[in-house]
Amino acid sequence: MNLEADGKFDDAIRMYEALTKADETDTLSRKRLIAILKTQKKYRDAIEELTDYLKTFQNDQEAWLELVELYCHELDYNKASFCMEEALIHHPHNHLYHQRYAEIRYALGGFENIDTARTHFAKAVQLCRWNTDALYGMCICASHLAISQKATAQKRRDNQRYGEWASNQLIEKHSDKLGAEGRSKVKNISLLLEQLQV
């Protein structure tokens, strides 16, 4: 790490590569090599090294999450989605993992992906009732699905209810933290939401 601190990245890379050749189970050297590649903005090389690392250490959930971020940086949301699914397998009760997976699926777009995103935003809310980002995500996905031509009439009605429920949760959450003036503004927003035709 002294070489890295001095900015001698090429020397550090050679040293870490030699250490990993001597011991393929040396996770620290492999992770430091990936960190250097990220520092140098060589994201494709970092992805290649990290996928090679995960062939040996499939249970390293932090590595899966790091690969999610690298794929998102490269706008490869399909692969990021797969990696996030692997992280969810390790921790199915982590609301932030469900939220992140939902965000990636929403970014992919399309009816099925947005439906899956809404489901995982809902799971995140179920696991942590006051996850504000997941509530907003639920509102966005539900409102999109409520007007989608691909949805059945029942699915549109269901999503309209989901969106209303999530928006009511957000209103309740924010009105608790506001004074009298803030509550009156929330009441006005509530009236506007009721008048909104989805």
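## Close-up views of a predicted model

**View 1. Helix α7 and its buried face.** In helix α7, the buried residues are Tyr97, His98, Gln99, Tyr101, Ala102, Ile104 and Arg105; buried means under 20% relative accessible area, exposed over 50% and partly exposed in between (1.4 Å probe, protein chains only). Helices here are DSSP runs (H or I, at least four residues), as strands are (E, at least two), numbered from the N terminus. This is a predicted model, in which local features need pLDDT of at least 70 and side-chain atom pairs count only at pLDDT 80 or more, while totals for chains, interfaces and linings use all residues. Residues are numbered from 1 along each chain as its sequence is written, and side-chain values use heavy atoms, with hydrogens and water left out. Among the elements covering the buried residues of α7 are α5, α6, α8 (111-127) and α9 (132-146).

**View 2. The length and ends of α7.** From first C-alpha to last, the 14 residues of α7 reach 20 Å, close to the 20 Å expected at 1.5 Å a residue (the expected span is 1.5 Å times one less than the number of residues). After the helix comes Gly109, which has a positive phi near 75°.

**View 3. Gln99 and its partners.** Which residues does Gln99 contact, leaving aside its neighbours within four places in sequence? They are Phe121, Ala124, Asn131, Asp133 and Ala134, where contact means heavy atoms within 4.5 Å. Gln99 belongs to helix α7 and counts as buried at 8% relative accessibility.

**View 4. The largest nonpolar core.** This core has 24 residues, and Leu50, Tyr53, Leu67, Val68 and Met84 have the most contacts inside it. A nonpolar core is a set of buried Ala, Val, Leu, Ile, Met, Phe, Trp, Tyr and Cys residues joined through side-chain atoms within 4.5 Å. Two or more residues come from each of α3 (27-39), α4 (43-56), α5 (61-73), α6 (77-90) and α7 (95-108), and α5 gives the most, with seven. A second, separate core holds 16 residues, including Ala124, Leu135, Met138 and Ala166. Turn next to Leu67: not counting residues up to four places away in sequence, Leu67 touches Ile47, Leu50, Thr51, Leu54 and Cys83.

**View 5. Two loop residues with positive phi.** Most residues other than glycine have a negative phi. Lys41, however, has a phi near 60°; this residue sits in the loop between α3 and α4 and is exposed at 60% relative accessibility. Leu75 also has a positive phi, near 60°. Its place is the loop between α5 and α6, where Leu75 is exposed, with a relative accessible area of 59%.

**View 6. Cysteines without a disulfide.** The structure holds zero disulfides, a disulfide being a pair of cysteine sulfur atoms within 2.5 Å. For Cys139, the nearest cysteine sulfur is that of Cys141, 9.7 Å away. Cys139 is buried, at a relative accessible area of 15%, and Cys141 is buried too, at 0%.

**View 7. Confidence along the chain.** The protein chain averages a pLDDT of 85, and 81% of the residues score at least 70; pLDDT is the predictor's confidence in each residue, from 0 to 100. Where is confidence lowest and where is it highest? Helix α1 (residues 2-5) is lowest, at a mean of 56, and α7 is highest, at 97.
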